[in-house]
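Biologist: I would like to learn how to read a model like this one. Could you take me through it, feature by feature?

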Amino acid sequence: MARPVVLHDRGTPQTRKRLKRESTLDRLIRERRKQGHNDTADIERAAYEIERVYFAITRGLSIRTSSFEKVDRSEPAPAPPQLQTAYTKRYLPWAQLMDKDMDGPALKIIIDVVVFNRTLKDIDRRHRMRNGYARQVTIAGLKLYADLSQWG
């Protein structure tokens, strides 16, 4: 007997919940605004810039789809000047400070939150840290980036 065709399958309840879930970073920023912190805009800007620079750095490492058009790929396209400046003046010094001064895998935790949208609970579990450590490190790291950037 043939199965009935489901035209508007929206997935399981768990899938629907995951798909409409607010990002970890958005939730952190919303909570900080609600608590009345003054540095929220700088933290949001720092996260956005970290994400853009990270993608610019790693874009040559990703898998690409095949194209039958003849394209010269001998050298990757250069990053825009704003991203080059962000990388040399802000991202690189910040990443070096994160590796040197902060305990544990702080840089990886921030990349997991900002770029890969992993949950704080998942990160705490993955790194075997106490509950709340990923939140603390993420906020401290983004504040440090904003302070080094001297936007405010």
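Modeller: Gladly! Let us start with helix axes: an axis is a line fitted to C-alpha atoms, for helices over the stretch in contact, and angles run from 0 to 180 degrees between N-to-C directions. Two packed helices are described by the angle between their axes and the distance between the axes. Helices (H or I, at least four residues) and strands (E, at least two) are DSSP runs, numbered from the N terminus. Here, helix 5 and helix 7 (residues 133-149) pack at about 90°, with axes 9 Å apart.

Biologist: What word describes how helix 5 lies to helix 7?

Modeller: Angles under 35 degrees count as roughly parallel, over 145 as roughly antiparallel, 65 to 115 as roughly perpendicular and the rest as oblique. Helix 5 is therefore roughly perpendicular to helix 7.

Biologist: Which residues of helix 5 and helix 7 meet?

Modeller: Contact means heavy atoms within 4.5 Å. On the helix 5 side we find A106, I109, I110, V113 and V114, and they meet Y133, A134, V137, T138, G141 and L142 of helix 7. By class, this contact of helix 5 with helix 7 has nine nonpolar, two polar and no charged residues. For the classes, Ala, Val, Leu, Ile, Met, Phe, Trp, Tyr, Cys and Pro count as nonpolar, Asp, Glu, Lys and Arg as charged, and the others, Gly among them, as polar.

Biologist: Before we go on, what sort of model is this?

Modeller: It is a predicted model, where local features need pLDDT of at least 70 and side-chain atom pairs count only at pLDDT 80 or more, while totals for chains, interfaces and linings use all residues. Residues are numbered from 1 along each chain as its sequence is written, and side-chain values use heavy atoms, with hydrogens and water left out.

Biologist: How many helices and strands does the chain have?

Modeller: There are seven helices and zero strands, so from the N terminus the order reads α-α-α-α-α-α-α. Among contacts with a separation of 6 or more, 64% join residues 24 or more positions apart.

Biologist: And how much of the chain is buried?

Modeller: Buried means under 20% relative accessible area, exposed over 50%, and partly exposed in between (1.4 Å probe, protein chains only). Of the 152 residues, 32% count as buried.

Biologist: At what angle do helix 3 and helix 4 cross?

Modeller: The axes of helix 3 (residues 40-58) and helix 4 (residues 81-101) cross at roughly 105° and come within 10 Å. Helix 3 and helix 4 are therefore roughly perpendicular to each other. In helix 3, E49, I50, R52, V53, Y54, A56 and I57 meet L83, A86, Y87, R90, Y91 and W94 of helix 4. The residues of this contact divide into ten nonpolar, no polar and three charged.

Biologist: How many aromatic pairs are there?

Modeller: Rings of Phe, Tyr and Trp (its six-membered ring) pair if their centres lie within 6.5 Å; planes under 30 degrees apart count as stacked, over 60 as edge-to-face and the rest as tilted. The whole structure holds five aromatic pairs. One of them, Y54 with F55, is edge-to-face, at 6.2 Å centre to centre and 70° between the planes. F55 is partly exposed, at 40% relative accessible area.

Biologist: Are Y87 and Y91 stacked or edge-to-face?

Modeller: Their ring centres are 6.1 Å apart and the planes lie at 25°, so the pair of Y87 and Y91 is stacked. Both residues lie in helix 4, four residues apart, about one turn of the helix. Y87 is partly exposed at 30% relative accessibility, whereas Y91 is buried at 8%. Y87, Y91, W94 and Y145 form one aromatic cluster.

Biologist: What else does Y87 touch, leaving out residues up to four places away in sequence?

Modeller: With that exclusion, Y87 touches V53, I57, L92 and P93.

Biologist: Where is L97, and what does L97 touch?

Modeller: L97 is in helix 4 and is partly exposed, at 25%. Not counting residues up to four places away in sequence, L97 touches M102, L144 and L148.

Biologist: Which backbone angle stands out at N117?

Modeller: N117 has a positive phi of about 55° although it is not a glycine. N117 sits in the loop between helix 5 (106-114) and helix 6 (120-126), and is partly exposed at 27% relative accessibility.
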